[in-house]
Amino acid sequence: MRMSQAFLPTLREEPKEAEVASHLLLLRAGMIRKLAAGVYSILPLGKRVLRKIETIIREEMDRTGAHELYLPAVQPAELWEESGRWAKYGKELLRFQDRHEHWFCFGPTHEEVITDLVRREIRSYRDLPQCFYQIQVKFRDEVRPRFGLIRGREFIMKDAYSFDRDEAGAEESYRKMVRAYERSFTRMNLDFRVVQAEAGLIGGNFSHEFMALAATGEDLIIVCDHCGYSASQERAEVGKSETPASGGEKALERVATPGKKTVEEVCQFLGAEPRDLIKTLIVQVQGQPLAILIRGDLEFNPNKLKRHLRAEAVELADAETIERVTKAPVGFAGPVGISLKTLADHSIRGISRGVTGANAADFHLINVKIGRDFPDPEYGDFRLARGGDACSQCGKTMREIRGLELGHSFKLGVKYSQAMRATYLDPQGKETLIVMGCYGIGVTRAMAAVVEQHHDQDGIIFPISVAPYQVIVVPVELADSQVREKSEEIYEKLTEAGWEILYDDRAERAGAKFKDADLLGIPFRITVGKRNLANGRVEIKRRGEKAVQLEPTETVCARIQELISAARGTDPAGPGS
């Protein structure tokens, strides 16, 4: 492609809207443009990158035996009502009516649609297992879209769905897909980690996230370097621990704390530390209130309580409910004298001189001792994990790293097949529920992740596997006939050999051409200049490296082939290798 004919609207200035490197560089390199909040146009150069990413994903999906199809983006509400998600999904689901006033949604995911298709077409155990996938546009009405393609409302996603006769088959399908994801992200040259994760609105009882490691990642990962345990912060389990007793016991005392509701306000007023407080949170579980106790410097994790109770939903109670069950406004709840089922995080074990709400407006209790002042509660792990916590597997200290979610895999079990009656007849003719799995990759997000991990102060540094072009040819004195002719010759020969070449034939200064070449992140640059050409040489430089090679003009094409093949990790057999 000649740059004089290409659509490459690069930007010299940094866009004010850009918050992270990928957003900034994809805008500056002319690969994306914002249409609305969280909605982006993908321009020609960006589309070439996406096509490379999609090709990798397709090859790895096909390698598993999965079948590609295309499912409707617009989905009838009736299917979502069958699964129960129409009422549960919330405002992220874009809902609308057609001219006949029938309700539809624009699919954020396709579990209902694929389950409906399978229940109509699969009859016998002989039809299973099956796995289907698609690459398609999705829409989720994010409350706060940000970071460009990382947290968009409209995005491209690869979603796959497996259907098996039983749990053993579903486990094999799950393992097969996890391996395919690992190969896909490795081929994209991404530094990633597979972590245990929460299933969220998709459902199921087990899932993994595939996280690209990035300092700007919006997700926190908790890892143990000793045993290898890793999980998203929402899922990470914490080893049992207790707070060391703070001196001898003292008598329980009620003290006035006028208007002091938050941990910070109470601590400052009483001269206490946050770890001395026993927070009492009132939550609703399937319509019933209960109390959760947790140390003042820690955060409650409702997902853990939901799993512990095997409940469908856990949410913080509203102010009216809190006042009804504690006889006090928000901020003054405590475990002493409360007539609610009470559970506690392991972190409060050992507190002998704690601070709690007094279940009365503007009062707290000090010197609270568990077992003396209120009964020992049912203990569990109900806290949000953080760096420095003990590993639940080996007891060693865990640490935090940041990541960017690339993909997610779910063991759905019979969640959808039971709700939507997706069954098959087993060898004995018995109607049996199909066991499902679900697997997603954010395609546009993967492009952003590549840029997050592969850039420097000058621009993008694309890995060869996803680069929009493999080589850029830059003549620095285009007005010189020899430079122009040799540049044209190299461009034509490399193009005829099947390589993807960008030829900067613009009448620009050399400095501007070099800046654009670095910004666009093309892996190899061939510079044709009058001085080197007089000695029968051209320059070859790899993006991101300082070293420059001088190569004889007659061997430059062969040398480029060797360099590209080495970068791919393949034999130097040409473009298709």
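Helix α2 passes helix α6 in a right-handed crossing, a crossing being right-handed if the near helix is turned clockwise from the far one by less than a right angle, and left-handed if anticlockwise. The model is predicted, with local features requiring pLDDT of at least 70 and side-chain atom pairs counting only at pLDDT 80 or more, whereas totals for chains, interfaces and linings use all residues. Residues are numbered from 1 along each chain as its sequence is written, and side-chain values use heavy atoms, with hydrogens and water left out.

Helix α2 spans residues 44-63 and helix α6 residues 167-187, and the two pack at an angle of about 155° with their axes 9 Å apart; they are therefore roughly antiparallel (angles over 145 degrees). Residues in contact (heavy atoms within 4.5 Å) include I56, I57 and M61 of α2 and M177, A180 and Y181 of α6.

Strands β1 (residues 32-36) and β2 (residues 39-42) pair in the antiparallel sense over four bridges, where pairing requires that DSSP finds at least two bridges between two strands. A36 has V39 of β2 as its bridge partner, and in this hairpin, with two residues between the strands, G38 adopts a positive phi near 75°.

The structure contains zero disulfides, a disulfide being a pair of cysteine sulfur atoms within 2.5 Å. C224 is in no disulfide, the nearest cysteine sulfur, that of C394, being 3.5 Å away, and C224 is buried at a relative accessible area of 2% (buried meaning under 20%, with a 1.4 Å probe and protein chains only). C391 is likewise in no disulfide, with the sulfur of C227, the nearest from a cysteine, 3.7 Å away, and C391 is also buried, at 2% relative accessibility.

Methods. Buried means under 20% relative accessible area, exposed over 50%, partly exposed in between (1.4 Å probe, protein chains only). Axes are lines fitted to C-alpha atoms, for helices over the stretch in contact, and angles run from 0 to 180 degrees between N-to-C directions. Angles under 35 degrees count as roughly parallel, over 145 as roughly antiparallel, 65 to 115 as roughly perpendicular and the rest as oblique.
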